Each structure stands twice: as structure tokens, then as C-alpha cells.
Amino acid sequence: MKEQIIERLVRYVKIDTQSDFNSTTTPSTQKQFDLLHILKDELADIGLTDITLDENGYLFATLESNTDKDVPTIGFLAHVDTTTDYTGTNVNPQRIDNYNGEAITLQNGLVMTPEYFPNLKNYVGQTLITTDGTTLLGADDKAGIAEIMTAMAFLVKNPDIKHGKIRVAFTPDEEIGRGPHKFDVEKFGADYAYTMDGGPLGELQYQSFNAAGVKVTTRGTNIHPGSAKDKMVNSIGLAIAFQNDMPKDAVPEKTEGYEGFIHLMQFNGGIEETTMSYIIRDHDRAKFEEKKAYMNEIGKKMQAAYGEEAITVEMEDQYYNMGEKIEPVMEIVDIVKEAFAKFDITPIVEPIRGGTDGSQLSFMGLPTPNIFAGGENMHGKYEFVSGETMEKATEVIIEIVQLFEARN
């Protein structure tokens with residue numbers, strides 16, 4: 001099974017599917033269809049039915065129930081796009097068999113060392129798929145796709161394994177936060193689902209940030225600096241003043257676990273106009289609302305001092321903590337823990353300090369925890385994934401559907 005998963009992963013990562021924050025279409029890049037069309041054909045070849053690919057890049061398929069029991073319909077999801085953080089063009093994966101625990105040489109003089117990446121020590125003796133150092137790998141989330149595809153192929157070939165109806169979804173634009181925006185939950189028709197989009201072996205996540213995006217615009221008046229006294233208003237200075245009022249310790253580089261933050265991501269401008277892009281994140285809904293209120297308060301104070309046109313604060317909620325919707329149906333998390341136990345996998349239950357489609361889907365009526373897919377050092381040139389971890393993830397999928405059938 002491991003070789004089948006690796007073969008699929010290597011094929012998938014060579015297809016450039018990078019999404020685009022600046023696009024207004026869905027999917028945000030047409031090249032995501034390059035992989036979606038391939039997956040559509042593969043799903044048919046495997047033997048799945050009710051396969052649909054819509055104009056927005058949502059690919060659904062069904063593996064019909066083979067039991068007489070009344071079993072909940074379970075979905076498994078993965079996203080086809082790769083992050084905008086690093087190039088995904090011309091991915092050339094490297095394979096390292098029986099990894100020896102030493103430094104891994106990439107191109108352009110790059111070396112991935114256990115001293116800098118101590119997580120490498122967890123994979124001695126395993127098969128690693130890495131980048132060549134010039135691109136990301138794309139195991140986020142093409143490892144998840146390979147695992148779901150391999151699990152479905154295995155179940156089709158082994159009809160003695162009883163399971164209820166299974167729905168599969170491969171979706172666009174997760175990396176830019178839009179994955180579920182046009183996801184038709186009713187059409188998908190699952191009672192519960194799992195995203196195969198986590199990191200190392202054992203990750204199991206059912207709590208996420210509450211999230212908002214914020215755009216702050218400051219406006220000034222440009223006068224020749226030689227005659228600017230009492231006339232010039234520098235929008236850059238206004239923007240700096242706003243940022244200086246933000247919390248100094250509630251930032252990503254100083255927080256962990258359940259601690260939230262206000263993160264300045266972009267700063268662009270000149271004397272006439274400056275824009276800043278922020279994200280607000282907190283697992284606690286009340287603290288999340290406090291952070292939003294604080295930013296609005298600083299904006300109003302600056303308006304009072306410099307005029308209403310001097311600054312605008314535009315804020316939009318992005319997603320909420322999926323734990324609110326999953327905790328009432330915790331049996332879907334307990335089943336995953338039971339599947340882990342069969343394969344001696346220790347659950348690593350931690351809140352997601354990032355985004356996942358499950359956050360939005362859970363609030364759309366489809367409770368969706370997140371399970372490990374195996375990727376490490378994601379979103380960059382040092383990304384890698386273990387073949388053995390991907391195999392474990394595939395086995396977990398197969399075990400989950402059996403456990404749902406056995407419990408009903």
C-alpha cells in the first residue's frame with residue numbers, strides 16, 4: 001500500500017495547483033482543474049460512482065454502502081491547491097529510502113539538517129519524499145488526496161470490509177481561506193466528515209481559531225516637503241501610529257497553544273495613502289471579539305484626532321472555532337482515537353493554529369475534524385512527508401469506516 005500512496009503523491013505534486021489570493025474567481029486559478037480532471041478520471045477507474053465536478057472546482061464522488069445496517073454517511077476531504085507562500089511550479093520530488101537520520105542535501109547548496117529540523121529524527125529508517133530545494137512539495141494537501149484515493153481503491157478491492165456510504169470531496173482554494181465558500185453541503189450529503197489535512201503522525205484536531213481579516217487604510221495629504229509645515233499629513237506616519245497601539249505580545253512569534261494574536265501581514269503605501277492587512281485569531285470567542293473591538297476603538301480614536309477620512313478599519317469574520325459544533329457529537333472524535341489505538345498511534349490533540357476547511361464546514365452543518373496527513377515543514381522548500389505516515393493515515397481511513405459500521 002505504501003508504494004501506491006507514494007506513486008500517487010509524486011504524480012500529484014508535479015501538477016502546479018497554486019491558488020491566488022488576488023483572484024476573484026472560484027477556483028482562484030484554472031490550473032487547479034488540471035489535477036481535478038485527473039482525479040475525476042481516477043475515481044471512475046477505481047470504481048466510485050455519482051462523480052461530479054462543478055464549474056467552481058468541487059469534485060464529489062461516492063463509494064456506496066455494502067452493509068444492511070443503517071450507518072451514517074461519512075465524508076473524507078482534501079484540497080487540491082497549494083499555498084501562495086512559496087512556488088509550486090516544476091516540483092521535482094526526491095525519494096530517500098531507509099533515511100539514515102543525517103543531513104539531506106537539496107539543490108542550490110541547501111541542506112536540511114537534523115540540528116535545524118529535529119523532527120527529522122522521528123523518521124529514521126523510513127521512506128521520505130522531499131523537495132529538491134527549489135519549490136515546496138505540496139504534501140499539503142496532496143498527501144491527503146493520495147491517502148483518500150488509496151483507501152477508496154482498497155475498499156473497492158476488498159468488499160468483505162463492511163462500511164456505510166462514503167462520500168469523497170476534493171476541493172479548491174483552501175490555502176486562501178475560501179475552500180468551503182461554494183461547497184454544497186446538502187449535495188455532498190454526509191452526516192459527518194474528516195479533512196485529511198493535518199501534519200505529523202497522530203495529529204487530531206477538532207478546535208480551531210476564530211478568525212477575522214482586517215484592512216486598515218490611512219489617508220494623508222502630500223505637500224512638497226520644502227513647504228509642508230502645518231500642511232502635510234503623512235499617511236505612513238498615521239499607519240505606524242496605529243500599529244504602535246497594537247498589543248506587543250499578542251503576536252504569532254510570542255504565542256502558542258490557545259493564545260490568540262493580532263498579526264500585521266502586509267504594509268504598503270506612500271504619503272497620500274497606506275494600507276495594512278491584519279488577521280485576528282483567538283480560540284476563545286469572547287477574547288476574539290475583544291480583539292476586534294480593540295482595533296475598532298483605536299481606529300475611532302485616530303478619527304477623532306485626525307478626522308474621519310484619515311483612517312478606515314474594515315473587518316470581516318472568516319471562520320469560527322469548529323469545536324463549538326464538534327463537541328456536541330464527540331463520538332466522531334472518539335472513533336478516530338479508537339482507530340489510532342488499533343495502529344498504536346498516540347493521539348496528538350491540539351488546537352489548530354491556522355485554517356482548515358473543517359472550521360467553516362462545521363458551521364455550515366457538516367461537523368468535520370482534521371486528521372494527520374503526514375506533511376512536515378509545510379509551505380516551503382524544506383517540506384517533506386514520510387511514506388510510512390501516509391500509509392498509517394490510509395489505514396486510519398479504512399478503520400474509521402469499519403468502526404462506524406460496527407457501531408450501528
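Me: Where is Asn321 found?

Reply: This is a predicted model. In it, Asn321 sits in the loop between S14 and helix H7 (323–326).

Me: Is Asn321 buried or exposed?

Reply: Read the relative accessible area; under 20% is called buried. Asn321 has 8%, so it counts as buried.

Me: Which backbone atom lies 2.9 Å from a polar atom of the Asn321 side chain?

Reply: The backbone nitrogen of Ser208.

Me: What else does Asn321 touch?

Reply: Skip residues up to four places away in sequence. What remains is Tyr206, Gln207, Ser208, Phe209, Asn210, His283 and Phe363.

Me: Take Asn210 next. Where does it lie, and is it buried or exposed?

Reply: Asn210 belongs to strand S11. Its relative accessibility is 0%, so it is buried.

Me: Which side chain makes a polar contact with the side chain of Asn210?

Reply: That of Arg285, at 3.3 Å. Beyond four places in sequence, the contacts of Asn210 also include Asp284, Phe288, Tyr319, Tyr320 and Glu324.

Me: Arg285 takes us to helix H6. How do I check its length?

Reply: Compare the expected span with the distance between the ends. H6 covers residues 285–306, which is 22 residues. At 1.5 Å a residue they should span 32 Å, and the end C-alpha atoms are 32 Å apart, so the two agree.

Me: Which residues of H6 are buried?

Reply: Phe288, Lys291, Lys292, Met295, Ile298, Gly299 and Met302. Viewed down the axis of H6, these buried residues fall within an arc of 120°, so they line one face of the helix. Note that two lysines, Lys291 and Lys292, are on that buried list.

Me: Which residues are exposed on the other side of H6?

Reply: Glu290, Lys300, Lys301, Ala304 and Ala305.

Me: What covers the buried residues of H6?

Reply: The cover includes strand S11 (210–219), helix H5 (235–244) and strand S12 (261–269). Strands S13 (273–282) and S14 (311–319) also belong to it.

Me: How do I read the ends of H6?

Reply: Asp284 caps the N-terminal end of H6. One of its side-chain oxygens lies 2.9 Å from the backbone nitrogen of Ala286. After H6 comes Gly307, with a positive phi near 105°.

Me: Now Ser359. Where does it lie, and is it buried or exposed?

Reply: Ser359 is part of helix H9 (residues 357–363). At 0% relative accessibility, Ser359 is buried.

Me: What does Ser359 touch?

Reply: Leave out residues up to four places away in sequence. Ser359 then touches Ser208, Tyr319, Tyr320 and Met322. Ser208 is also among the contacts of Asn321. As for Ser277, its C-alpha atom is 22 Å from that of Ser359, and the two residues are 82 apart along the chain.

Me: How many cavities of 30 Å³ or more are there?

Reply: The count is two. The largest cavity holds about 60 Å³ of space.

Me: Which residues line the largest cavity?

Reply: The lining is made by Leu77, Ala78, His79, Asp141, Thr171, Glu174, Thr195, Asp197, Thr356 and Asp357. Strand S3 (74–79) and strand S9 (192–198) each supply at least two of the lining residues.

Me: Which element gives the most to that lining?

Reply: S3, with three residues.

Note on methods:
Residues numbered from 1 in each chain as written. Predicted model: local features only at pLDDT ≥ 70, side-chain atom pairs only at ≥ 80, totals over all residues. Heavy atoms only, no water. Helix = DSSP H or I, 4+ residues; strand = E, 2+ residues; numbered from the N terminus. Expected span 1.5 Å × (residues − 1). Buried < 20%, exposed > 50% of the residue type's maximum accessible area, 1.4 Å probe, protein only. Arc of directions from axis to C-beta. Contact = heavy atoms within 4.5 Å. Polar contact = N/O pair within 3.5 Å; in protein donor to acceptor, adjacent residues only side chain to side chain. 1 Å grid on protein atoms, 1.4 Å probe; cavity = no way out; pocket = protein on both sides within 12 Å on 5 of 7 lines; lining within 4 Å. Points joined across faces, edges and corners; volume = space filled by probe spheres on them.
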